[in-house]
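Thanks, everyone, for making the time.

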Amino acid sequence: MSPMTEVEGRRLALSNLEKVLYPATGTTKGEVLHYVATTAGALLAHVHDRPMSFLRYPDGVEGETFFAKNPPPGKPSWVRTVEVTRSEGVLSRQVLVADLPTLMWAANLVVEFHVPQWRAESPAIADRMVFDLDPGAPATVAECCEVALWLRERLGADGLGAWVKTSGSKGLHMLVPVEPTPSEQVSAYAKALAVEAEASLPGLVVHRMTRALRKGRVFVDFSQNSAAKTTAAPYTLRARAEPTVSTPVTWEEVEAGRTAPASLTFRAPDVPVRLQRHGDLLGPLLDPNRARALPAP
């Protein structure tokens, strides 16, 4: 029998707490659930009202992973779902992680949390723009920092503010609060900036996904602005060798990362300490007064 836990009045069965999910560090499922509970306030704020997709790795990072948009089996009746139109026009339902019990229920399934750039009440109307900066070896996050600083300045020239987090994998995610704008329009603007970055930083940036072009360069992936795509949520653990987290960082840390890339790797135990020290560095994304209109095409 799984131990029953009560979370804000909801009874949850949390299973296999001693199971090692990250063999490299010996991190157990119980430690993963503790991390999620400790960072829940910040994590919930950034996934609020966004249909959730899950990358599941129930047997740990060395086991099978699979991406799921449909509500996982065994969903309790109190877990909220919302109807979503898929890109093929098919109606489907997805989970809304709206409270701590739902978050802990989902975390017990061993997941990465992924969300779109739009909210459930306004499908395909983005309130965030994202750039996923993905280095092709031998490039590292150091090169991503160079590109992020260029993009920050270029966005600033259009009156747009940018905030940044590690991907929790190899690169960086830049997030830009925008006035509600059709996802297609956001994607077109983001692509134009990626193309411009490639022209301005030749040899450092590539805007196309083609693997052969990416060696030693940073792929500026604008495609996650598509209404059908998702991005790893702030504060989510990743299914990497170690329990790395998609962690908000300061621009000063990005500048330092150009010469000290290892300083931009954060694991689960680091993040609650950072939240105590800095608060939520992505807090400005939650302030509607920070959103700006994209320049006219």
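Predicted model: local features only at pLDDT ≥ 70, side-chain atom pairs only at ≥ 80, totals over all residues.

Let me start with Ala 126, which is buried at a relative accessible area of 0%, where buried means under 20% relative accessible area, exposed means over 50%, and partly exposed lies in between, with a 1.4 Å probe and protein chains only. Residues are numbered from 1 along each chain as its sequence is written, and side-chain values use heavy atoms, with hydrogens and water left out.

Ala 126 lies in strand β10; strands here are DSSP runs of E with at least two residues, and helices are runs of H or I with at least four, numbered from the N terminus.

Which strands pair with β10? One is β12 (residues 172–182), which runs antiparallel to β10 and is joined to it by eight bridges, and another is β14 (residues 218–221), also antiparallel, over four bridges; two strands pair if DSSP finds at least two bridges between them. On the β12 side, Ala 126 stands opposite Thr 181, whereas in β14 the bridge partner of Leu 133 is Val 220.

Leaving out residues up to four places away in sequence, Ala 126 touches several others, among them Gln 117, Trp 118, Val 178 and Val 186, contact being heavy atoms within 4.5 Å.

That brings me to the domains, whose bounds come from an automatic or database domain assignment: domain 1 covers 4–121 and domain 2 covers 123–290. Their C-alpha centres lie 23 Å apart, and 32 residues of domain 1 are in contact with 37 residues of domain 2. The buried area between them is about 2,800 Å², with carbon and sulfur atoms giving 60%; this is the accessible area, with a 1.4 Å probe, that two parts lose on being put together, summed over both. Tyr 35, His 46 and Gln 117 supply 30% of what domain 1 buries against domain 2, more than any other three residues.

Finally, three salt bridges are counted between the two domains, each being a side-chain nitrogen of Lys or Arg within 4 Å of a carboxyl oxygen of Asp or Glu. The side chains of Asp 127 and Arg 50 also meet in a salt bridge, at 3.0 Å from N to O.
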